[in-house]
Amino acid sequence: MMPETKPASSSVRSLPAAAASRSMVDSFGRRIEYLRISVTDKCNLRCVYCMPVEGLPWLKRDEILDYEEIARVVRVMAKMGLRRLRITGGEPLVRRDLSSLIRMLSAIDGIENIALSTNAVLLEDQAEDLKAAGIDRVNISLDSLRADRADTIARRPGTLDKVLRGLDAAEAVGFHPIKLNVVLMRDSNDDEIADFAAITRERPWHIRFIEIMPTGSNTDLSADSFISCNEALARVRQLGDLKPVEGPLGNGPATYYRFDDAPGTIGVITPMSHNFCDRCNRMRLTADGQLRPCLFGSIQTDLRSALRRGDDIRPLVEETLRIKPERHWLVQGSTEGSGGLIALSQTGG
Ligand code: SAM
Ligand code: SF4
């Protein structure tokens, strides 16, 4: 396991004075250094567990933060201790000229690392520009290695081929590390757990199995097809000895394992079976400028109005930090605790 945040008992008092003045610590002692920025709510896929096939009521153009507004939020938070960013969505690569945002963000003092979460469908064409602009590493979502099945899950034809070309491009430009996110669904892709795990013996990739989370648009699916990461790991262990290891560089809640001599690792993300909120190190900025202290729940602070009035947003960030909840209360098979969220694409996942 690789907790990248200090445990809840850590205290700002233990930091050197200069660092302490640039730290965001919440009411439970968790240091927040990581912001997930959703740049759009739109997507070019319709993954069965994420979005309804007809899409969602999309945000209007003027509701979405422009790049300068996003950069202003990051400048303020970087002065408060923000260190790492993840660009997500919806599908971030559908937003026009994403590289120009990345250039603005990577120039901000204090920002050490910028990651991208993408379905990789458009990555082949954009990888080089994004790398040059300042993206360091990528998480790519891919739920099946079989073309017909990948299309069925993503509800778009030709998905696998495009994603694999995106993965090749990611390697070619030198994103590091490369993580592959696989949402597990019983009787859909769980017979591929071994195939995904086997990739780590050949490639230096980090395969992460994710437990499906309930949202307003997937309650039945998430109840019927839930499969725990413990079960996935038990199946992987049939292929060989797995040792717990420190995972790759990242900001996340995954726990990692490795086969002997394998270049890659296998990670599990268990929001349902093992809550990992005690080591949460993040906040989220939605495409329409809401600062969310937790993926789930209804707490959010409207930064957009303040930004557009020209107000100082620092007090709003401080207040959001203060009310960051101790944990989420997701319950398997129900939307209880999800705060009415229809899809993770609305908050950036
Ligand atoms: N479009 C990009 C992608 O798919 O990687 C970024 C946004 S997506 C919302 C971020 C992550 O959330 C993806 O890895 C996706 O598989 C995951 N995700 C979406 N809905 C989920 C759900 N209901 N349960 C578990 N993971 C989910
Ligand atoms: Fe789009 Fe990502 Fe949601 Fe799939 S998981 S529909 S790629 S936002």
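**Notes on a cavity and a ligand shell**

I began with the second largest cavity: α5 (147-154) and α6 (159-173) each give at least two residues to its lining. Helices here are DSSP runs of H or I with at least four residues, and strands are runs of E with at least two, numbered from the N terminus. The model is predicted, with pLDDT of at least 70 needed for local features and 80 or more for side-chain atom pairs, while totals for chains, interfaces and linings use all residues. Residues are numbered from 1 along each chain as written, chains are lettered from A and ligands numbered from 1 in written order, and side-chain values use heavy atoms, without hydrogens and water.

Which helix gives the largest share of that lining? I found α5, with 3 residues.

I then looked up the space itself, about 100 Å³. Of its 13 lining residues, S141, L142, D143, A154 and T159 are the closest to the centre. A cavity is a set of points on a 1 Å grid over the protein atoms alone where a 1.4 Å probe fits but cannot get out, and lining residues have an atom within 4 Å of a point. Points join across faces, edges and corners, and the volume is the space filled by probe spheres set on them.

Next I turned to ligand 2. Around it I noted C43, L45, C47, Y49, C50, G90, N119 and S345, taking residues with a heavy atom within 4 Å.

Last, I checked the whole protein: 11 helices and 12 strands.

Terms used
On a 1 Å grid over the protein atoms alone, a cavity is a set of points where a 1.4 Å probe fits but cannot get out, and a pocket is an open set with protein on both sides within 12 Å along at least five of seven lines; lining residues have an atom within 4 Å of a point.
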